[in-house]
Amino acid sequence: MIELHCHTTYSDGTLTPGELVAAAVKAGVVALAITDHDTVSGWDDALAAAQPHGLEIVPGVELSTVHNDRSLHILGFYPNAEKLRGDLHERVEGRKRRAAEMVEKLAELGYPIELPEMGEGMAPGRPHIATALVNAGYVQSSREAFDRWLGDGKPACVEYEKFSIVEGIALLRRSGGVPVWAHPYLFRGGTVEPVLEEMVAAGLMGVEVYHPTHSPSQVDNLKKLCAEHNLLMTGGSDYHGPCDLKGKEAIRLNMLNLPLNLLEPIKQAALDLKG
Ligand code: AMP
Ligand code: ZN
Ligand code: FE
Ligand code: FE
């Protein structure tokens with residue numbers, strides 16, 4: 001079984017790449033994509049940890065773009081890290097500036113916090129701020145922090161620095177990465193069909209059909225759209241670690257039981273891009 005969407009401590013996951021690999025092996029995963037937000041720094045540790053287990057690591061990334069003033073995530077599979085480096089550095093620096101702005105807003109609201117130091121190539125996100133709010137005792141859970149301050153449109157939320165879907169898709173393609181729209185039904189800036197048309201026109205190659213937040217009818221609709229537009233289908237649990245407080249139902253590795261045959265066409269598309 002495969003997992004094509006996972007986070008580590010290099011972005012807002014709670015497991016290191018090595019811990020994630022161990023958990024994936026235990027859960028019966030045979031191919032695991034490392035898709036941290038705007039960074040590829042977790043790949044090397046994951047590859048090293050996976051090798052003795054015969055676990056296949058799929059190098060990936062989840063780019064944060066802005067569309068219609070809302071965040072839109074684009075997964076990229078098999079990009080060349082060297083070709084992404086400069087642009088990702090700029091995205092991570094933007095995330096650091098954004099985190100500082102959110103901390104400033106919280107201080108103005110009367111909730112001063114300190115963010116943990118993050119190393120080179122590590123991408124801070126709202127979950128880090130939520131954790132700091134919990135640690136400071138202002139809220140019981142990170143869910144509460146999102147509900148009160150950090151969720152989209154809430155008083156301390158700051159959008160990513162400008163980076164369009166067109167720029168994101170182009171960056172991935174010129175780096176040899178297959179661009180895939182992540183969790184389309186989580187996008188809050190428009191309906192799926194017209195946004196998909198725009199992304200396909202920009203060079204999108206796939207859609208994340210399977211995601212824990214998608215209902216069966218949404219999955220069916222995405223399958224239909226993929227067939228219509230000749231797009232690749234991917235899926236993953238969007239795992240952020242065992243103590244993730246995102247949903248009512250806990251996210252577990254391998255919960256979607258996705259077959260290995262989803263991966264072959266993605267690999268082939270990545271080879272064709274580099275061809
Ligand atoms: P960021 O990229 O900094 O905007 O953070 C996005 C991450 O925050 C997502 O991957 C989720 O893990 C988490 N997240 C977003 N919205 C919520 C929410 N309403 N409640 C809990 N976690 C959320
Ligand atoms: Zn995340
Ligand atoms: Fe995402
Ligand atoms: Fe994600």
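Colleague: How far does a polar side-chain atom of His240 lie from an oxygen atom of ligand 1?

Modeller: This is a predicted model: local features need pLDDT of at least 70, side-chain atom pairs count only at pLDDT 80 or more, and totals for chains, interfaces and linings use all residues; side-chain values use heavy atoms, with hydrogens and water left out. Residues are numbered from 1 along each chain as its sequence is written, while chains are lettered from A and ligands numbered from 1 in the order in which they are written. From the polar side-chain atom of His240 to the oxygen atom of ligand 1, the distance is 3.3 Å.

Colleague: Which helices each supply at least two residues of the shell around ligand 1?

Modeller: A residue belongs to the surroundings if one of its heavy atoms lies within 4 Å. There are 12 residues around ligand 1, and Arg95, Arg98, Gly125, Arg126 and Tyr160 come nearest. Helices are DSSP runs (H or I, at least four residues), as are strands (E, at least two), numbered from the N terminus. The suppliers are H3 (81–108), H4 (126–135) and H5 (142–150).

Colleague: Is Asp12 buried or exposed?

Modeller: Buried means under 20% relative accessible area, exposed over 50%, and partly exposed in between (1.4 Å probe, protein chains only). His240 has 8% and is therefore buried. Asp12 has 12%, so the word for Asp12 is buried.

Colleague: Why is the arrangement around the iron ion (ligand 4) irregular?

Modeller: Its protein donors are His5 (NE2), His7 (NE2), Glu62 (OE) and Asp238 (OD), at 2.0 to 2.3 Å. Four donors are tetrahedral if all angles lie between 85 and 135 degrees; four are square planar and six octahedral if opposite donors are over 155 degrees apart and all others between 65 and 115; anything else is irregular. The site is irregular because the four donor atoms subtend angles of 75 to 160°.

Colleague: How far is the iron ion (ligand 3) from the zinc ion (ligand 2)?

Modeller: Glu62 lies in strand S3 (residues 56–67) and His73 in strand S4 (residues 70–77). Both Glu62 and His73 are buried. The distance between the iron ion (ligand 3) and the zinc ion (ligand 2) is 5.7 Å.

Colleague: Which side chain does that of Asn221 join in a polar contact of 2.9 Å?

Modeller: Asn221 is in helix H8 (residues 216–229). A polar contact is a pair of N or O atoms within 3.5 Å; within protein, one must be able to donate a hydrogen and the other to accept it, and residues adjacent in sequence count only if both atoms are side-chain atoms. The partner of Asn221 is Glu193.

Technical notes: Donors = N, O, S within 2.8 Å, 3.2 Å for Na, K, Ca; no water.
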